[in-house]
Amino acid sequence: MTITEDTRPALGLPQIQSLAAADMAAVDALIRRRLSSDVVLINQIADHIISAGGKRLRPMLVMLAGHAVGQAGPDHHQLAAIIEFIHTSTLLHDDVVDESSLRRGRSTANALWGNAPSVLVGDFLYSRSFQLMVELERMSVMQILADATNRIAEGEVLQLLHVHNPDTDEAAYLRVIERKTAVLFAAGTRLGALASGVDEAKQQALFDYGMHLGYAFQIADDVLDYSANADELGKNLGDDLAEGKATLPLIHAMAHSDGATRERLRTIVQDGDASAMPEVLAAIRATGGLEYSRARAEEYAEAAERALDGLGDNDAVAALRGLARYAVQRSH
């Protein structure tokens, strides 16, 4: 990636986390306060998934977007908490749909408590996020978040339609990423700008940044499912394959393999045959599937950086540039 001469160097992840530390502490405290319910099981499951850690990337994006174009304060903290609640609720639902047993190196909520409690607590978190957004009394905020959550729900169904479907092509794969991942990134960065009171052009620039970053992040994530260290990744390698999901490295391999290999890969996707992982990895290596996918992720990360070009030069913009690079360079 290139940096224009008038732009300060992008920050690394430790610098970004340090820059955002005070805001993120306030967001975390708000999350924990508003997570509380007098229903004990809700507290147990919600605390399990919230305390699992993670980098809190989505709420951090809200805060950094706000600082990139102005001042950020309590409204930003609340918006960041809303974004995290929505994200967490989708994780609970995803793990049930995917029958996942491991996330971030820990047992999933559905593995510990069962599917029904996990779905219902996911619903609680969704509805709590809407309580928080109503408190802000801003129709524009509710519009952005209502649209985003609706698109996410579409993405869940769209992904379901492509499970065990060997005809999933790159365009279909990208449509799922847009709805499942990128729209929430983009909603967060747009809301950060909106809460800072800037004009539509700057809101759009940060929306575009978030959208491109979401694509880059998810494609890179899908590459890791075929290349990472399982302990670092915090989930079982080959989970996507076992679930019958054809992600970009495998889609590329199917499109560029010889006829016999292509048919074998199609059968593996249809069957969700995780035991065939060595065959799949061999085909992906033979066709350059990982390299192609990394290059596509880099293209989106570079587009995310370009979206920031008109925003000036400050620490928060440098942090956003750094996150675009981190998205495609991370090992987990």
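Reader: What makes the stretch that holds Asp-94 a helix?

Author: Asp-94 sits in helix H4, residues 74-98. Helices here are DSSP runs of H or I with at least four residues, numbered from the N terminus. This is a predicted model, where local features need pLDDT of at least 70, side-chain atom pairs count only at pLDDT 80 or more, and totals for chains, interfaces and linings use all residues. Residues are numbered from 1 along each chain as its sequence is written, and side-chain values use heavy atoms, with hydrogens and water left out.

Reader: Why is Asp-94 called buried?

Author: Its relative accessible area is 10%, and buried means under 20% (exposed is over 50%, partly exposed in between; 1.4 Å probe, protein chains only). So Asp-94 counts as buried.

Reader: Which residues does Asp-94 touch, leaving out those up to four places away in sequence?

Author: Arg-103, Glu-156 and Lys-180. A contact is heavy atoms within 4.5 Å.

Reader: And why does His-252 count as buried?

Author: His-252, in helix H12 (residues 248-256), has 11% relative accessibility, so the buried label applies here too.

Reader: What does the side chain of His-252 reach?

Author: The backbone oxygen of Thr-287, at 3.1 Å. A polar contact needs N or O atoms within 3.5 Å, and within protein one must be able to donate a hydrogen and the other to accept it; residues adjacent in sequence count only if both atoms are side-chain atoms. Beyond its neighbours within four places in sequence, His-252 also has contacts including Gly-288, Gly-289 and Tyr-292.

Methods
Helices (H or I, at least four residues) and strands (E, at least two) are DSSP runs, numbered from the N terminus.
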